[in-house]
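Subject: Structure handover

Dear colleague,

Please find the structure below. My notes on the sheet and the cores follow it.

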Amino acid sequence: MHLVIVRPLGNVLDVNSYNCQEIGLAKALVNDGWCVSVIMAGLQNEHIRVNVSGEHFVDVYFLRFVGLQSVCLFRGWKRLIKKLKPDLIQVHDLETWMSFRVVRYSYRHRIPCVLIQGACPTEMSRNKRFFKKIFDSIFGKYVLKHVNAVGCKTPTASAYLNEIYPCETWITPIGLDEQKFAGEMFRDWVAELHLEDKKMLLYVGRLNNNGRKPMFLVDLLRQLPTDYCLVMAGEGILRDDILCRASEYGISDRVHLIGTISQKHLPALYRAAHVFLLPSTYEIYGMVMLEAMYFGVPVISTASAGAKVIIQQDVTGYILDTFDTSLWAEKIVDINEKVQKSMGADARQYIQKNLTWLGTAKKFEELYRLVTHRL
């Protein structure tokens, strides 16, 4: 059976470095005997093959597009789908223009279609809420009425869809693509950053106000003993503000901004960390939490949709419902060396058992079988 997965967003990814969820799922399905093609935004029209194992591969088609992010349209996508002749189509996220167009196309051409929902936005400006209401009442409801099945990355996403239009949903959690770390290279981060006899608190992600709160971590570090340091991997507009605040607090020597790190060097960084921190008001899923736990690092995060699925409270980390630095500091100090090793081992075991694509792809296959049996 030929499955075509459409990633409907108008942003270009480097599939060789970025942990792309659509590619990770496709590779797991190919290992299970599926034929899978992925369509996504590109700077130019291009077809590549991502090797899975032996003669097995995933076809990836990049298409040029007009528009940005959720309001974009791929050029030539209808011709490509017609050429691929899929038995099943999968689109991601309700509130994208491409998802609506693909669902309408599949309905008119009688091709079974599955929607996978991750986003469940909560904080929006008045203008965005207004346009969202209009979009949902016209296009969103059309999508939910005409898709053959709906999978949701989290229960929160399921509840979000049912507020727009009551529908039956299945939980299809996202997995970690272990193959992405196959080419890891050792890098002695402790020696490089002069962190001997220090406890590394790690943050990986954009240094922006896009739901996450990297500035909060500087305030938090101020509350902790001097043997704790903060390492932040990523770039963004808050970089200078973070450095300025650290200087104001007199803790510049404990804050290390190391920029964007390549995939091959991330495993060593995770392994060097004592605790992984993710303060966020909105998180669709949180792949960085999966990655940190996979490499044996306990996680402390806010109660986002992804954290509720990924973290086992008091076992693999902590979910906190407040940005109280005193409470975060207390939880961090509670994770002594013995607790860190125990939590880290449990975290790694949990991800390996439950949240790699080897296991989570089965949930998607169950959804596909449900669709084909109904037809």
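Which residue in β4 does Ser-37 stand opposite? Ser-37 faces Asp-59 there.

This is a predicted model, in which local features need pLDDT of at least 70 and side-chain atom pairs count only at pLDDT 80 or more, while totals for chains, interfaces and linings use all residues. Residues are numbered from 1 along each chain as its sequence is written, and side-chain values use heavy atoms, with hydrogens and water left out.

The sheet: helices (H or I, at least four residues) and strands (E, at least two) are DSSP runs numbered from the N terminus, and two strands pair if DSSP finds at least two bridges between them. Eight strands make an open sheet of mixed pairing, ordered β3-β4-β2-β1-β7-β8-β9-β10. Its edge strands, β3 (46-53) and β10 (170-171), each pair on one side only. Strand β2 (residues 35-41) is largely enclosed by the rest of the structure, because six of its seven residues are buried (under 20% relative accessible area, 1.4 Å probe, protein chains only). β2 pairs in the parallel sense with β1 (residues 2-6) over five bridges, and with β4 (residues 56-63), also parallel, over five bridges.

The cores: a nonpolar core is a set of buried Ala, Val, Leu, Ile, Met, Phe, Trp, Tyr and Cys residues joined through side-chain atoms within 4.5 Å. The largest has 99 residues, of which Leu-269, Tyr-270 and Phe-276 touch the most other members. Helix α10 (residues 287-294) gives the most to this core, with seven residues. Apart from it lies another core of 36 residues, including Ile-39 and Tyr-105.

Regards

Definitions and conventions. Buried < 20%, exposed > 50% of the residue type's maximum accessible area, 1.4 Å probe, protein only.
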